[in-house]
Structure formats: C-alpha cells, structure tokens
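The sequence and the model are shown first, and the description follows.

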Amino acid sequence: MSDASASSPPVLDVGDLRVAYGDKIAVSGISFRIERGEIFGLLGPNGAGKTSTLSAIEGLVAPKSGHSLIDGLDTVKHPLDAKARLGVQLQASSFQPELTIQQIAKLYAGLYGVRMSRDQIAESMRTIGLDAELGKRFKQLSGGQQQRLALFIATIHDPLLLLLDEPTAGLDPQSRRALWRRIEQARGAGRSILLTTHSMEEAQAVCDRVAIIDHGSLLTTGSPAELIEKHKDDPRVLEVAHGEVTLEDVFIGLTGDEIRD
Amino acid sequence: MRSVTEADVGGAAAHTRPPAGLAFGSLLRADTMVLLRNRVSATLSILLPIVLVVATSFGKAQSRLGGAELVIALALTIGLITSCVLGYSLSLAHDREVGVLQRLQVTPAPTWTIMTSRLIVQVVINLIASLIVVIVGAILHGLALNAGQFVLVLLVAILGAAMFLAIGQALVGLVPSASAINAIGRILFIVLLLLGILGGTGILGDVMKSIAGWSPVGALMTLFSDVLSHAAWSGQDANALLACFGYIVVFTFIGIRWFRWDTHS
C-alpha cells in the first residue's frame with residue numbers, strides 16, 4: 001500500500017451492519033474494510049447474507065443499523081455520491097431486452113456521467129471482444145459475453161470500488177479464467193473489488209483477503225493462506241479435511257456441511 | 001476522456017455525481033427506444049382503437065353506438081386504458097422481476113428520473129396515438145373538428161393517460177408478480193370498460209348509470225365526447241374532471257407508497 005492510500009480513508013468501511021427483511025435477520029452486525037487496490041472476497045453458503053450485505057452497500061436495501069462508507073461517504077446519507085464511486089455487477093444482471101449492446105452502453109455511460117461517442121463505445125467493445133455484437137440485444141449474447149458486458153458496464157465510469165455478486169456463476173472454465181484476468185486487470189488499474197463467490201478456487205485465485213460469513217455473521221477474515229494457517233488445527237476443520245487442509249475445508253468446517261437452499 | 005484500454009476494462013473516470021440532466025436525457029432516449037420496439041404495446045395502443053373507428057364507420061354501427069363523438073371517445077379511451085393499464089404496468093412489472101429496475105437503481109441517477117422518464121415517454125406516445133386516432137376517426141366518421149377541439153382532445157388525453165398510468169402504477173405497487181399483474185390487468189381492463197360503457201347506457205339501471213359516470217372510463221368518455229361534440233361546459237363535465245383528478249391523486253399515492261423496486265425485499 002502506498003503512503004497516499006495509507007492516509008486516505010479505506011475505499012469501503014462497513015461497520016456493525018445489520019439488515020433485516022421484516023422479522024428475518026439477514027445480516028447481523030458485520031464489520032470489515034477494503035483498502036485501495038485490494039480484492040476482497042465474501043464467502044458463505046446460500047442464505048449466509050452475502051447478497052444482503054452487498055445490497056445494503058449498493059443502496060438497494062436500507063440497513064437497520066450500522067454504516068457503510070465508500071471513500072468516506074455514507075451510503076445512506078449520500079447515496080447518489082456514493083453510487084457515483086461504485087461499480088456494480090448484480091447476481092442476475094439484466095438490461096432492457098429491447099436495447100442493443102451499443103444502446104445499453106450509451107445509456108449507462110449517460111447514467112454515470114460519461115460522454116462516449118459511438119466510436120468510443122465500439123472501441124471499448126473491441127477491447128472486451130464484443131465489437132461484432134454491437135447490434136445484438138443482451139439476451140442474444142452467450143453467458144460469458146453477458147458477464148463481459150456486465151463487467152464493462154460496471155466499470156464504465158472507472159469506479160473506486162467494484163461490487164461483483166457471484167461474477168463467475170454459470171460460466172464455463174474458459175470464461176471463468178478470462179473473467180479472473182479482467183478482475184485482476186481492474187485491480188491493476190487501481191480499483192478495489194468486493195466479490196461474493198461460492199468457489200474456493202476463485203477465492204484463492206483472485207482474492208487478497210476473504211471473509212467467511214454465515215447466518216449473517218462474519219466468522220473469520222484474512223488472506224486465504226492465513227485462514228488455512230489459523231484454522232488448520234480446528235477440530236471442525238480436521239473432521240472434514242481429506243489430507244492437507246484447504247480453504248474449502250476451513251469453509252465447510254466453520255459453516256457446517258448441511259446443504260443450504 | 002482518456003482512451004479505453006484493455007487494462008481499463010471500462011471507460012473514463014467520473015467519481016462525481018453526474019448532472020441529473022445527462023442521466024435524464026439518457027433515460028428518455030432509452031425508454032423511447034424500448035417503447036417503440038415493443039410491438040405489442042404499439043399494436044394495442046394504436047391499432048386497437050383504429051380498428052374500432054374503422055369497423056364502426058360502416059352501416060349503422062356508428063349511430064347504434066351513440067354517434068361519431070361517442071365512438072371516437074370510446075376508441076381514444078380504449079387506446080389509453082390498453083396502453084397504460086395493460087402495457088405500462090406489465091412492462092414495469094417485468095423489468096422489476098428480471099432485475100432491470102435494480103440495475104438502474106444502483107446507478108447515481110436519482111430514482112425519480114428513472115420513473116419519470118418512463119411516464120413522460122408513455123404520455124408522449126399516448127398523445128401521438130390519440131392524435132392519430134382522432135384524425136382517422138374524424139375523417140372516417142365525417143366529423144369536422146377545429147384546432148381548439150384538437151388541443152382539448154390532447155389535454156383530455158393527457159388527463160386520461162395520467163389517470164390510467166396512476167392506476168397501472170398502483171397495480172404494480174400492490175401486486176408483486178408480473179404474471180399476476182398480467183391477469184389482474186386484463187380483468188381490470190374488462191371491468192372498467194364494461195362499467196364505463198354498459199353502465200353508461202343505462203341498461204344496467206340508474207344506479208349503475210350514475211356509478212358509471214364517476215368511473216374512470218365513464219368520466220373520460222364524457223370529457224372526450226363533449227369536447228368532440230363541441231358541447232357547452234356542464235356540471236357533468238365538472239364531475240368527470242373531478243373524478244379523473246381524484247383517481248390520479250388516490251392511485252398515484254398508492255403507486256408510490258407501496259411500490260417496491262424489486263420483488264424480493
């Protein structure tokens with residue numbers, strides 16, 4: 001981390017965040033920080049509270065209490081200014097089915113205050129291998145192409161922080177690897193990234209630090225190697241490990257092996 | 001703007017909130033494109049009323065339906081109710097269900113711009129459709145309209161669009177599922193039309209006739225037909241106007257108060 005980044009606020013500061021839907025508590029007071037240029041992974045089984053945490057940061061749900069600050073800006077008090085610093089790829093990104101790729105790019109450039117000509121859009125699409133699809137509609141793209149477009153739209157305004165909700169879900173191995181490269185490129189360009197994933201392979205491949213959450217609570221945080229080192233002697237982890245302890249063993253040991261819906 | 005490179009993935013740095021005008025302009029352009037590409041909506045809001053005015057221009061159909069003014073008023077009302085209660089509400093519910101609204105909501109565009117843009121585009125398309133219907137209707141039914149009447153027809157069309165859009169918005173606010181909205185919208189469409197048309201004729205009795213006069217379709221048809229027949233302003237028109245504004249206020253309140261941006265929260 002540079003001196004400049006050490007003196008500036010963290011890109012994301014989540015403190016004692018609580019989210020509830022009626023009586024159901026989805027997130028129960030979790031806290032974490034993401035620094036500049038860091039890729040942070042949020043791991044958890046289905047229903048653990050990953051998407052609810054992201055939704056609160058994105059402003060899609062109002063937290064019951066706690067705070068989330070993006071570059072020092074409170075997402076509840078200054079939602080629009082916070083959103084201007086945020087790039088988002090939702091779990092099920094959907095764009096207007098009637099619009100072409102070019103029109104979608106034009107729309108979202110305008111929404112983020114970026115002026116892009118048709119030529120600039122075409123050039124951007126060339127860099128992500130979608131230049132031949134400019135006239136196509138979103139639903140006509142393959143899963144990998146849809147994810148590339150969604151990531152392009154999420155980064156169209158060069159955000160400080162990228163939120164990616166299960167970005168590689170449903171992708172084939174080639175598309176998944178290509179997306180990992182793009183995520184690392186985004187980090188190389190100075191962006192910070194918060195992603196949720198079910199894939200331990202993905203967490204180990206791209207994340208600098210990960211947090212494991214379950215039942216809305218944060219169980220542990222650290223780099224993948226640190227988590228393995230920290231929990232390798234935990235009886236719950238040893239019970240599920242087959243040989244050398246892996247991040248997946250730590251994950252299952254801490255969150256249990258029952259199947260979640 | 002700096003050039004986009006592979007390493008950048010996306011576009012240019014813009015960490016400040018964009019001007020609302022730029023976002024609003026982008027939304028208006030996109031929403032217009034979406035509505036124009038939606039052939040079902042265009043067909044329902046223009047073709048259906050045109051078919052009605054054409055079909056009633058033969059034989060004695062026009063006089064049986066109460067005259068040219070009533071036929072055109074009915075066609076205009078059907079165009080508006082179809083486009084707003086069926087088209088708008090279903091499109092909004094679908095976009096909510098598949099996540100289009102959520103994706104827009106995480107941008108720095110104020111939420112009012114997202115909804116207002118859709119409404120403005122819908123009203124403008126309705127006005128164009130109403131103008132086409134009234135011109136075709138006037139030609140086919142031999143109705144001579146002056147410029148003032150055209151202006152009044154457009155003003156009543158704005159009022160009618162606002163009323164039916166408010167009803168559509170309330171429907172989307174109260175019902176989470178798009179398929180349920182589709183079914184309820186169709187039933188509502190039939191009930192409102194039957195109440196307004198059959199009730200208004202008096203064949204269902206005086207009480208129903210009175211209720212029909214205050215119903216959305218009945219009130220709007222009263223205003224349209226009185227404008228088209230160049231009738232003097234009457235107490236019935238005042239009641240119809242009052243009813244329309246009442247529906248706009250009540251259903252807009254419901255549509256805003258209970259509206260959810262996604263179907264899960």
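## Overall make-up of chain A

Chain A contains eleven helices and ten strands, where helices (H or I, at least four residues) and strands (E, at least two) are DSSP runs numbered from the N terminus. This is a predicted model, in which local features need pLDDT of at least 70 and side-chain atom pairs count only at pLDDT 80 or more, while totals for chains, interfaces and linings use all residues. Residues are numbered from 1 along each chain as its sequence is written, and chains are lettered from A and ligands numbered from 1 in the order in which they are written.

The C-alpha trace of chain A spans about 60 × 45 × 40 Å along its principal axes. Its radius of gyration is 19 Å, which agrees with the value near 18 Å that a compact globule of 261 residues would have; the radius is taken over C-alpha atoms, and the globule rule is 2.2 Å times the number of residues to the power 0.38. Of the 261 residues of chain A, 49% count as buried. A residue is buried if 20 or more other C-beta atoms lie within 10 Å of its own, exposed if 12 or fewer, and partly exposed in between, with C-beta atoms placed from the backbone. Among contacts in chain A between residues at least 6 apart in sequence, 64% join residues at least 24 apart; two residues are in contact if their C-beta atoms, placed from the backbone, lie within 7 Å.

## The six-stranded sheet

Six strands of chain A form an open sheet in the order S6-S7-S8-S3-S9-S10, with mixed pairing. Strand S6 (86-89) and S10 of chain A are at the edges, each with a single partner strand, so one side of each is left without a neighbour in the sheet. On average, neighbouring strands of this sheet are turned by 15° against each other, direction ignored; axes are lines fitted to C-alpha atoms, for helices over the stretch in contact, and angles run from 0 to 180 degrees between N-to-C directions.

Two strands pair if DSSP finds at least two bridges between them. S3(A) runs parallel to strand S8 (residues 192-197) of chain A, to which five bridges join it, and Gly41(A) has Leu195(A) as its bridge partner in S8(A). With strand S9 (residues 209-214) of chain A, S3(A) pairs in the parallel sense over four bridges; there, Leu43(A) stands opposite Ile212(A). Strand S7 (residues 161-165) of chain A also pairs with S8(A) in the parallel sense, over five bridges, and Leu162(A) has Ile193(A) as its bridge partner.

H7(A) lies across S3, S7 and S8 of chain A, at about 155° to S8(A). H11(A) packs on the sheet and touches S3, S9 and S10 of chain A, with its direction at about 25° to that of S9(A). The buried residues of helix H11 (residues 247-255) of chain A are Leu247(A), Asp249(A), Val250(A), Phe251(A), Gly253(A) and Leu254(A). Their cover includes S3, helix H8 (200-206) and helix H10 (235-240) of chain A. Just after H11(A), Gly256(A) takes a positive phi of about 90°.

## Domains of chain A

The domain assignment divides chain A into domain 1 (3-85 + 161-255) and domain 2 (95-158); such bounds come from an automatic or database domain assignment. The centres of these two domains of chain A, taken over C-alpha atoms, are 26 Å apart. Nine residues of domain 1 of chain A are in contact with six residues of domain 2 of chain A. Helix H7 (residues 173-188) of chain A gives the most to the domain 1 side, with four residues.

## Contact between the chains

The contact takes 47 residues from chain A and 38 residues from chain B. On the side of chain B that touches chain A, helix H1 (20-37) and helix H5 (100-105) of chain B are the elements that give two or more residues. H1(B) gives the most, with eight residues.
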